[in-house]
Amino acid sequence: MSEELKQDPGFGSSLALLDALGIGPVWVRRELAVEEVQAAHAQVPAQDSVAAVPAAAVEAPQVIAPEPVVAEAKLPVAAPVAQPTIPAARPAPAAPARTRAPSEEEGGPPSWLDEMDFGTALEPMLIPDGDDEEDAPAVDPLIARIKTMDWPQLKQQVSECRRCGLCEGRKNTVFGVGDEKAKWLFIGEGPGRNEDQQGEPFVGPAGKLLDNMLLSMGVKRGENAYIANIVKCRPTDDNGRDRPPSPQEVASCLPYLQRQIELIQPTVLVALGKTAAISLLGMDPATPVSRLRGTVHRYQDLPLVVTYHPAYLLRTLTDKSKAWADLCLAMSTYASQAR
Ligand code: URA
């Protein structure tokens, strides 16, 4: 095992955490350290090493195939893991009346249990791209400027952002972290308490699981991977508890992520949870993650794979093997893009 990895307290503690949860063997095969995974990649003459990692290179004793997706007119066609296909982008659905997710107290799901079917519609979160005449009425000049920003300008803009009420309660904006030329882009929902305090995404328990999910794919935080969120500031309810971002908050913040994606030009996007998936795909918010996964979607011209949010997986251990199947789909998609 790599000395660097062994000495990384985060790595050790995340293993301990996974062991405590009884899910360590699913995400990390002890004997197969990062170096070995990378060596396995190097043996394959692919341009992008991770692309070539066969699922078998990372032992996953509880792997199951993705559930077959029930074909539905509005959804892209399901792609098998071995030969992913990328369906054409869906046209944006007409926006229904603005609603917000029910809060926990109103009978809605607790924060980040966003894989659940809320039963009530959130608004599809497509925002005007400014290129279409029909979008014309409300092109915010800032959105037009964001589209031309470079990394320093974008970071500065986000750090000063007051486009929605989330700025009032934040300690830090959480811009995103990682390799700015990464081929892998992982997108979560929004910062929680730990992330708000540290200004970095996925640094709490869910982040430790995410790091292990990445590791199981032969990817390490910061190396060929970028991690970002749909919103850059922590959404909280009146009691200071985490909550999913509202459609308005998502719409205000999404231009920043869209610009990050343009700058990164990743090969594959992985949407972690429902908020990320429906925000990027403009899907019907009532669609559960179980229906979005198992298919290679498209965000603009980029393949996007949906899996469960790590926080959900920490609470729902029975779905972790499905998440592994999703990561296998992401890896095979990545491999097919590199050819
Ligand atoms: N959950 C998210 O969706 N993002 C984070 O950064 C942390 C937790």
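Which residue has a polar backbone atom 2.7 Å from an oxygen atom of the ligand? Select E189 to see it: the backbone of E189 provides that atom.

Before going on, a word on the model. It is predicted, with local features requiring pLDDT of at least 70 and side-chain atom pairs pLDDT 80 or more, while totals for chains, interfaces and linings use all residues. Numbering runs from 1 along each chain as its sequence is written, and side-chain values use heavy atoms, leaving out hydrogens and water.

**First stop: the ligand**

Then pick N229: an N or O atom of the N229 side chain is 2.8 Å from a nitrogen atom of the ligand. Taken alone, the ligand exposes 240 Å², and the protein buries 99% of that (areas by the Shrake-Rupley method with a 1.4 Å probe).

Now show the whole shell. There are 9 residues around the ligand, and E189, G190, F202, N229 and H309 come nearest (a residue is near if one of its heavy atoms lies within 4 Å). By type, the shell holds 3 nonpolar, 4 polar and 2 charged residues.

**Second stop: V306**

Move to strand β6, residues 302-307, and select V306 (strands are DSSP runs of E, at least two residues long). V306 is buried, with a relative accessible area of 0% (buried means under 20%).

What does V306 touch, beyond residues up to four places away in sequence? Its partners are A271, A277, L281, V289, L292, R293, H297 and D326 (contact means heavy atoms within 4.5 Å).

Finally, pick R291: it is 15 residues from V306 in sequence and 9.5 Å away in space, C-alpha to C-alpha.

Note on methods:
A polar contact is a pair of N or O atoms within 3.5 Å; within protein, one must be able to donate a hydrogen and the other to accept it, and residues adjacent in sequence count only if both atoms are side-chain atoms. Ala, Val, Leu, Ile, Met, Phe, Trp, Tyr, Cys and Pro count as nonpolar, Asp, Glu, Lys and Arg as charged, and the others, Gly among them, as polar. Helices (H or I, at least four residues) and strands (E, at least two) are DSSP runs, numbered from the N terminus. Buried means under 20% relative accessible area, exposed over 50%, partly exposed in between (1.4 Å probe, protein chains only).
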